Amino acid sequence: MKDTGAVSTDYQSPESVDDLCDKTTPYAENWKATVDEIWADNPKSKVVTERKR
């Protein structure tokens, strides 16, 4: 996100990219197994995965 020049749009309580990432990373880690399962069951995921190769 730093490379894109993204900035907080909350002018009353702005936070840095690092603070936002630090705050949300644990949630992402907790959801990883569920998301991987959902993604594996989604037929469109196979198309996306093949395009990335």
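Predicted model: local features only at pLDDT ≥ 70, side-chain atom pairs only at ≥ 80, totals over all residues.
Trainee: How many salt bridges does the structure hold?
Mentor: Two. The side chains of Glu15 and Lys23 meet in one, at 3.0 Å from N to O. Lys32 and Asp36 pair through their side chains in a salt bridge at 2.5 Å, N to O.
Trainee: Why would such side chains pair up in general?
Mentor: Opposite charges on side chains can pair when the charged atoms come close.
Trainee: Back to Lys32 and Asp36. Where do they lie, and how many residues apart?
Mentor: Both are in helix 1, four residues apart, which is about one turn of the helix.
Trainee: And Asp36, what is its relative accessibility?
Mentor: 38%, so Asp36 counts as partly exposed.
Trainee: What about Glu15 and Lys23?
Mentor: Glu15 has 33% relative accessibility and counts as partly exposed. Lys23 is also partly exposed, with a relative accessible area of 46%.
Trainee: Different topic. Which residues form the nonpolar patch on the surface?
Mentor: Tyr27, Trp31 and Val35. Together they have about 380 Å² of accessible area.
Trainee: Take Trp31. Is it buried or exposed?
Mentor: Exposed, because its relative accessible area is 53% and the cut-off for exposed is over 50%.
Trainee: Which helix is Trp31 in?
Mentor: Helix 1, which covers residues 17-41. The Lys32 and Asp36 pair lies in helix 1 too.

Conventions: Residues numbered from 1 in each chain as written. Heavy atoms only, no water. Patch = residues over 30% accessible without salt bridge, like charges linked within 9 Å, V, L, I, M, F, W, Y side chains within 5 Å. Areas by Shrake-Rupley, 256 points an atom, 1.4 Å probe, with all protein chains shown as cover. Salt bridge = Lys/Arg side-chain N within 4 Å of Asp/Glu carboxyl O. Helix = DSSP H or I, 4+ residues; strand = E, 2+ residues; numbered from the N terminus. Buried < 20%, exposed > 50% of the residue type's maximum accessible area, 1.4 Å probe, protein only.
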